[in-house]
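The following exercises concern a single protein model. Please study the sequence and the structure before reading each worked solution.

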Amino acid sequence: MIKLRVAGTGRFLPERVLANDDLSLSLDTSDEWIRSRTGIVERRLLAPETPPAFMGIAAAEKALRQAGLDPEKLDLLVVATNVPEELIPGSSPFIAEGLGLPHEPPFFDIKAGCAGFVFGMAVAGAMMKSGLARNALLVGIEALSRFVDWEDRKTCVLFGDGAGAVALVMADDDRGILGISLHGDPTKRGLLRIPAGGVRLPASFETVQAKKHFLEMKGRGVYQSAVTMMERATLEATERAGISLADIDWLLPHQANLRIIEALVKRLGFPRERVLVNIDRVANTSTASIPILLDEAVRAGKIVDGDILALTAFGAGACYGTVILRW
Ligand code: UT7
């Protein structure tokens, strides 16, 4: 067990709302298609001139404030994202700069597709347990609106922008991470990717012309893998926590598709009323989806002391995992 307490949560959603009907003005799609296949009704979009780090800093400041944690006392900053501010050095230095951390605590990015927040939780928790940090700030930031082809109806309708953060401190009671299961299946790495811009296919005039810098997705393949991956990780993490599924008060699944969530819940035999869902309003915000969902539920008073939560996600890589947390 890793004794820790989520002392603060925060989220930031951009103001601009893009409804399904707005998309159907420029794309061969419809509210009915998107709603029935995904559960998405609308999503938020970050203004093109605003860097995604802005959202991460805003969410992080809220989490730190709620935790009463002075940024100058922060021991560790972990940023999970698929939209680096710059390819090198990523996003974490930009978040550290925005928060103002003159004592220079360590920061780094985690790239584990949409599972980045769950992986980040495990890494931050393990570093706290090992004594490398007494507290940590974990931020999930996503603005995939920058990386999708707005002419590709198969991908662009699915994603929304946003950020979420949690401030973690040591706990001296029985709160904390009870069980973790993390996995990766490299045979699925082709399901979700941006082919160009890395070293295998460097940016060139041709790659831009061929739209190789946009997100490519084999939707059906992702869909089929997602359910079994989250099921496996959740069963394993629950077993490692020494609890049963019936002990879990709230399931917080990555918000990729309502049908994926419902299929997972059905396979697990988990009660639907204990599953948190906000995909209708925010769509798939990738690594930011779980911390946004968590912050909404905490601030609405749904999650209370002693509750057991299961955070489960899958994403590009394919990386997947579940963290069981006693609140
Ligand atoms: O965080 C991980 C991110 N990714 C995901 O979670 C994606 C997981 N996959 C899914 O959510 C589903 O596979 C989708 C929602 C992406 C697609 O649903 P589907 O039931 O698997 O549809 P499909 O890809 O088999 O496409 C069925 C039809 C196709 O038409 P044709 O070729 O059979 O004539 C598509 O072109 O639906 C068409 N289609 C659309 N039609 C209207 C695909 N996207 C759209 C659209 N509007 N936005």
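**Exercise 1.** Determine whether arginine 134 is buried or exposed, and describe its salt bridge.

*Solution.* Step 1: Arginine 134 has a relative accessible area of 55%. Buried means under 20% relative accessible area, exposed over 50%, and partly exposed in between (1.4 Å probe, protein chains only). Arginine 134 is therefore exposed.

Step 2: The model is predicted, so local features need pLDDT of at least 70 and side-chain atom pairs count only at pLDDT 80 or more, while totals for chains, interfaces and linings use all residues. Residues are numbered from 1 along each chain as its sequence is written, and side-chain values use heavy atoms, with hydrogens and water left out.

Step 3: A salt bridge is a side-chain nitrogen of Lys or Arg within 4 Å of a carboxyl oxygen of Asp or Glu. The side chain of arginine 134 meets that of aspartate 75 at 3.0 Å, N to O. Because aspartate 75 lies in the loop between α3 and β4, and arginine 134 in the loop between α5 and β6, the pair ties together parts that are 59 residues apart in sequence. Helices (H or I, at least four residues) and strands (E, at least two) are DSSP runs, numbered from the N terminus.

Step 4: Aspartate 75, with a relative accessible area of 15%, is buried.

**Exercise 2.** Which parts does the salt bridge between glutamate 151 and lysine 211 tie together?

*Solution.* Step 1: The side chains of these two residues, glutamate 151 and lysine 211, meet at 2.8 Å, N to O.

Step 2: Glutamate 151 is in the loop between β6 and α6 (153-156), and lysine 211 is in the loop between α7 (205-209) and β10 (216-217), so parts 60 residues apart in sequence are tied together.

Step 3: Glutamate 151 is exposed at 63% relative accessibility, whereas lysine 211 is partly exposed at 33%.

**Exercise 3.** How far apart in helix α8 are arginine 232 and glutamate 236?

*Solution.* Step 1: The closest N and O atoms of this salt bridge, between arginine 232 and glutamate 236, are 3.1 Å apart.

Step 2: Both residues belong to helix α8 (residues 219-241); they are four residues apart, and therefore separated by about one helical turn.

Step 3: Arginine 232 is partly exposed at 40% relative accessibility, and glutamate 236 is buried at 19%.

**Exercise 4.** How many disulfides does the model contain?

*Solution.* Step 1: A disulfide is a pair of cysteine sulfur atoms within 2.5 Å. The count is zero.

Step 2: For cysteine 156, the nearest cysteine sulfur is that of cysteine 114, 16 Å away. Cysteine 156 is buried, at 0% relative accessibility.
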